[in-house]
Amino acid sequence: QTSQNGCKKILQKEPLSSLPHEFENEIMKDKAKKLSANYSEYRKVPGDGSCFYRSFIYSYCTLVSCC
């Protein structure tokens, strides 16, 4: 799905190993690396004011549809 300006609202899955490279702060890099203990992939959601709600609902719907 795309927004009014043509940007995608929820992007494709990416390997979690690429997440630490997104940060310059070492603390955030370490936290991103710790996520790989429980997760293997993530999706980027562009920040537009509704990104939390969109990502939460998308994740919930994905979880429900898998069961």
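A residue counts as buried when its relative accessible area is under 20%, as exposed when it is over 50%, and as partly exposed in between (1.4 Å probe, protein chains only). By that rule A32, at 4% relative accessibility, is buried, and buried residues make up 10% of the 67 residues in the protein chain. What you're looking at is a predicted model, where local features need pLDDT of at least 70, side-chain atom pairs count only at pLDDT 80 or more, and totals for chains, interfaces and linings use all residues. Residues are numbered from 1 along each chain as its sequence is written, and side-chain values use heavy atoms, with hydrogens and water left out.

**The overall layout**

- The protein chain has 2 helices and 2 strands; here helices (H or I, at least four residues) and strands (E, at least two) are DSSP runs, numbered from the N terminus.
- Start at the N terminus and the elements come in the order β-α-β-α.

**Salt bridges**

- Side chains of opposite charge can pair when their charged atoms come close.
- Search the whole structure and you get 4 salt bridges, each being a side-chain nitrogen of Lys or Arg within 4 Å of a carboxyl oxygen of Asp or Glu.
- One of them joins the side chains of E22 and K44, at 3.0 Å from N to O.
- That pair ties together distant parts of the chain, 22 residues apart: E22 sits in the loop between β1 (13-15) and α1 (26-35), while K44 sits in the loop between β2 (41-43) and α2 (51-66).
- Both partners are partly exposed, E22 with a relative accessible area of 44% and K44 with 27%.
- K29 and E26 make another salt bridge through their side chains, at 3.9 Å from N to O.
- K29 and E26 are 3 residues apart in helix α1, so about one helical turn separates them.
- K29 is partly exposed, with a relative accessible area of 22%.
- D48 pairs up with R54 too, and the closest N and O atoms of this salt bridge are 3.1 Å apart.

**Around A32**

- A32 belongs to helix α1.
- From A32 to E22, which are 10 residues apart along the chain, the C-alpha atoms are separated by 9.4 Å.
- From A32 to S18, which are 14 residues apart along the chain, the C-alpha separation is 9.2 Å.

**A nonpolar patch on the surface**

- F52, Y53, F56, I57, Y60 and V64 form a nonpolar patch on the surface, and together they have about 700 Å² of accessible area.
- Patches are made of residues with over 30% relative accessible area and no salt bridge, with like charges joined within 9 Å and nonpolar side chains (Val, Leu, Ile, Met, Phe, Trp, Tyr) within 5 Å.
- The areas come from the Shrake-Rupley method with a 1.4 Å probe, and for residues only the protein chains shown count as cover.

**The largest pocket**

- The largest pocket holds about 520 Å³ of space.
- On a 1 Å grid over the protein atoms alone, a pocket is an open set of points with protein on both sides within 12 Å along at least five of seven lines, and lining residues have an atom within 4 Å of a point.
- Of the 17 residues lining this pocket, Y39, E41, Y42, R43 and S59 are the closest to its centre.
- β2 and α2 are the elements that give two or more residues to the lining, and α2 gives the most, with 7 residues.
- By class, the lining has 10 nonpolar, 4 polar and 3 charged residues.
- In that count Ala, Val, Leu, Ile, Met, Phe, Trp, Tyr, Cys and Pro are nonpolar, Asp, Glu, Lys and Arg are charged, and the others, Gly among them, are polar.

Conventions: 1 Å grid on protein atoms, 1.4 Å probe; cavity = no way out; pocket = protein on both sides within 12 Å on 5 of 7 lines; lining within 4 Å. Points joined across faces, edges and corners; volume = space filled by probe spheres on them.
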